[in-house]
Amino acid sequence: MTSNSCLKDQQTLPKKGRVSRVIQIHASLKCNLTCSHCYSTSSPQHKGGLEITKLKHVIEQLSTEGYNVISLSGGEPFLYDSIAELLEYSKSLRYFNSVTTNAMLLKSNRARQIMKNIDLMAISLDGKPDQHDAIRSHQGAFNKMIEGVQIVRDNVPNFGFIHTLFPNGWQIMPWLTEFALEQKAKLMQFHPLEMAGRGANYQSKICFDSINAHKIYIIFYYLKQYYANDILMQLDLLHRDNLRDNTDFFFPEKDIDCLDNRKMSSLFKELIIDEAGDIIPISHGCSKYFKIGNINDDKPVVEMIENFLQYKMTKLMELYNSTYQEILADENLELFNWSEIIIRKSQHYGIHTDRMASHGSSAKKEKIEESYLNVDMYL
Amino acid sequence: MENKNVDVQQELLKHLSKANLSKEKLSSISKAIASENTKGFRIIDWRWLGTPVQERFVLEGELELRNTSFLQNLYGEDTVKEIKLLRKGIPVHDFFNVVIEFENII
């Protein structure tokens with residue numbers, strides 16, 4: 001063990017014991033790369049981004065609801081025109097600012113100024129140089145990323161790497177971890193490839209069989225134990241036994257009834273604002289049936305949440321419960337990405353017309369909103 | 001990076017690369033890991049014993065003093081040959097250093 005090399009600067013990470021309540025923002029899908037596994041299908045062809053005034057207004061309201069982390073993703077966040085204004089504002093609201101980037105656009109003075117308001121940067125790493133370049137469809141992407149890492153090290157308190165795992169990814173996990181350590185990173189996150197966006201193109205070519213999933217799980221556990229004093233590690237795979245023994249994990253059902261006395265963030269530990277400005281629970285790609293609202297809606301976020309609780313919460317609980325029961329019942333599904341499964345199942349909810357009562361001064365009015373109907377589960 | 005680290009990782013990769021590793025075997029290891037995660041046992045090292053055939057597997061870890069269920073589960077495990085416990089912790093002895101030797105697990 002390398003027990004002498006303790007993390008000395010860990011006090012600059014989110015404080016131990018601090019509960020993170022995250023707003024994940026996909027401000028734009030504009031990206032300088034066209035990665036083959038991108039779940040959000042980001043690319044240089046995308047234009048524009050979320051309107052900063054509206055975005056600021058929403059995160060200000062959410063800060064009073066207990067949210068304390070902004071996780072900016074994309075697209076490549078440094079291509080979002082208003083990134084500087086957003087992060088400066090969120091910092092003034094005492095948010096912990098985290099940015100996921102490919103670290104290739106950090107040489108400018110603008111980037112250095114932006115980094116002053118970033119607490120943590122997660123840098124995408126797809127493997128050894130050849131593999132990284134191939135997946136990123138960009139010759140030299142790895143070397144540019146390394147140059148970016150140096151800049152990040154000099155300008156941001158903490159940084160880490162995030163790696164998208166392919167089925168045989170267990171073979172490269174030790175190399176990736178050692179690379180992260182050599183670069184003095186403090187975080188290493190492994191996220192299994194999601195069959196969404198461009199990642200879905202892999203569906204016919206590769207298969208996450210259970211043998212590879214087990215190998216990933218075992219190698220990860222070994223690495224996590226081995227480097228426990230050197231780097232924080234995360235694997236977005238869960239064992240069914242952990243779910244079974246931890247029913248509160250899948251949803252804090254008991255919190256719903258006493259929400260009046262609690263903040264909204266106790267119910268949704270993570271909210272997503274996607275590229276369309278929609279506020280959704282769970283994760284990017286969740287069915288818009290579960291849309292809580294939109295940053296452009298002309299009503300307070302609290303009102304959106306009240307509407308959601310009244311009209312959609314039962315369905316969301318139904319989704320959580322059915323997913324939970326399915327996983328426990330499927331003996332072949334020992335290791336899984338909870339978020340991916342539930343997002344996929346959320347897509348079973350299709351479009352229909354729903355009547356949602358509006359609140360406040362216009363309480364008597366009803367408006368027809370585009371909504372979604374569960375088409376699979378009730379047929 | 002210490003050479004020892006790399007060696008152990010290479011051994012682990014080599015072991016997991018074996019074609020005859022069954023899903024059931026891997027599943028049992030994952031299951032054990034998942035249960036350890038919830039029982040406060042922290043593995044700090046492992047090694048295989050036996051040449052050329054790996055006959056025994058030695059697992060070393062730290063166990064919180066209050067956590068007895070982990071040890072109780074081991075008592076019923078036929079493959080456990082030996083358990084060594086050493087009480088540790090400074091200034092308060094608050095954990096066990098545990099060395100467990102398994103046999104006949106391949």
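Modeller: Strands here are DSSP runs of E with at least two residues, helices are runs of H or I with at least four, both numbered from the N terminus, and two strands pair if DSSP finds at least two bridges between them. In chain A of this predicted model, 10 strands form an open sheet of mixed pairing, in the order 7-6-5-4-3-2-1-9-10-11. Its edge strands, each pairing on one side only, are strand 7 (232-235) and strand 11 (293-294) of chain A. Local features need pLDDT of at least 70 and side-chain atom pairs 80 or more, whereas totals for chains, interfaces and linings use all residues. Residues are numbered from 1 along each chain as its sequence is written, with chains lettered from A and ligands numbered from 1 in the order in which they are written.

Colleague: How many bridges join strand 5 to strand 6 of chain A?

Modeller: Six bridges join strand 5 (residues 158-165) to strand 6 (residues 187-192) of chain A, and the two run parallel; A:Thr164, for instance, has A:His191 in strand 6 as its bridge partner.

Colleague: Which elements give two or more residues to the side of chain A that touches chain B?

Modeller: Two residues are in contact if their C-beta atoms, placed from the backbone, lie within 7 Å. The contact takes 23 residues from chain A and 21 residues from chain B; on the chain A side, the elements in question are helix 6 (173-182), helix 7 (210-226) and helix 8 (240-244), and helix 7 of chain A gives the most, with 11 residues.
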